[in-house]
Amino acid sequence: MKTLIIGSKGFIGSHVLNYFKTMNLPVIGCDVVTEYDDSDYIQIDATNSDFHDVFKNNEIIHCINCSGAASVPLSLENPLKDFNLNTLNVFKILDAIRQYQPNCRFINLSSAAIYGNPDELPIKENSNFKPVSPYGLHKMQAEQICLEFYQFYQIKTCSLRIFSAYGEGLKKQLLWDLFQKFKNNDTIDLFGTGNETRDFIYIDDIVQATVCCLQSADFKGEAINIANGEELSIKTIANVFNHEFGANKNIFFNNQTKKGDPLNWKADITTLQKLGYKKTVSIETGIKKYIAWAKELH
């Protein structure tokens, strides 16, 4: 019996896969990328995904779905593609599990984007859903599909609402943008006011949180916040980056907000902590590690 990591070549999926391999746990990777040197890897057709053979031909005890699109701007430009990757694929995976591996436990990586601009902080799992992008709406629909398969077919499902993920391997979003600008400019221009806030969580802690949920969650269609319960402003992150980069650059905010971006996030992580999660990487250490990784690439 093996754990299947769908999206194993992506940012979070690759780290989850490496954790299982490091722990010498039986694991299979699955993605749309060609892989010639790994017998424990399954390639999926990117244009017409079909997961029936995956679950028909393998004994899968856990499935962690790390696949999908993770871009608010692209979801606004191409909502059908975002829907197919973030919503329809979840249904396809669960329907294959229903037919061939009904005892498999399924984790789907969701997003805090389903909350949009929350009514109050910290955001609890039962807070109102107010997505401000197709991406957030499609992630919300995927959670509803997970609940559907638990309620009607008793498939064990759990959704993880990941807040602001960062770490080595992520070549987009705030820290990647900061690195590119710090590398090439003396003056750093950023969107927003700098007072927008996020709840950041480093990739190693995301993996730890995923394992905690895999081991201890109820798998009754519930959703769990994945964050650190800390509200940090974008201005604070930029200043920490400035320090850890070893620079003294001028940072300016243009007071313009991007369409689809929420203003303030802070998660209530009571549920996650009850499952055994403890933060291990501070924002200063995480940013330092990220900068070191990014510099090695160049």
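Biologist: Which residue in β6 does arginine 105 stand opposite?
Modeller: Bear in mind that this is a predicted model, where local features need pLDDT of at least 70, side-chain atom pairs count only at pLDDT 80 or more, and totals for chains, interfaces and linings use all residues. Residues are numbered from 1 along each chain as its sequence is written, and side-chain values use heavy atoms, without hydrogens and water. Strand β5 (residues 105-111) pairs with β6 in the parallel sense over seven bridges; two strands pair if DSSP finds at least two bridges between them, and strands are DSSP runs of E, at least two residues, while helices are runs of H or I, at least four, all numbered from the N terminus. In β6, the residue opposite arginine 105 is lysine 156.

Biologist: How many residues of β6 are buried?
Modeller: Buried means under 20% relative accessible area, exposed over 50%, and partly exposed in between, with a 1.4 Å probe and protein chains only. Strand β6 (residues 156-162) is mostly covered, and of its seven residues the buried ones number six.

Biologist: Which strands stand at the edges of the sheet?
Modeller: The sheet is open, with seven strands in the order β3-β2-β1-β4-β5-β6-β11 and parallel pairing. Each edge strand has a single partner, so one side of it is left without a neighbour in the sheet. The two at the edges are β3 (41-43) and β11 (222-226).

Biologist: How are α1 and α7 oriented to each other, roughly parallel or roughly perpendicular?
Modeller: Helix α1 (residues 11-22) and helix α7 (residues 203-216) pack at about 65 degrees, with axes 10 Å apart. Axes are lines fitted to C-alpha atoms, for helices over the stretch in contact, and angles run from 0 to 180 degrees between N-to-C directions. Under 35 degrees counts as roughly parallel, over 145 as roughly antiparallel, 65 to 115 as roughly perpendicular and the rest as oblique. The pair is therefore roughly perpendicular.
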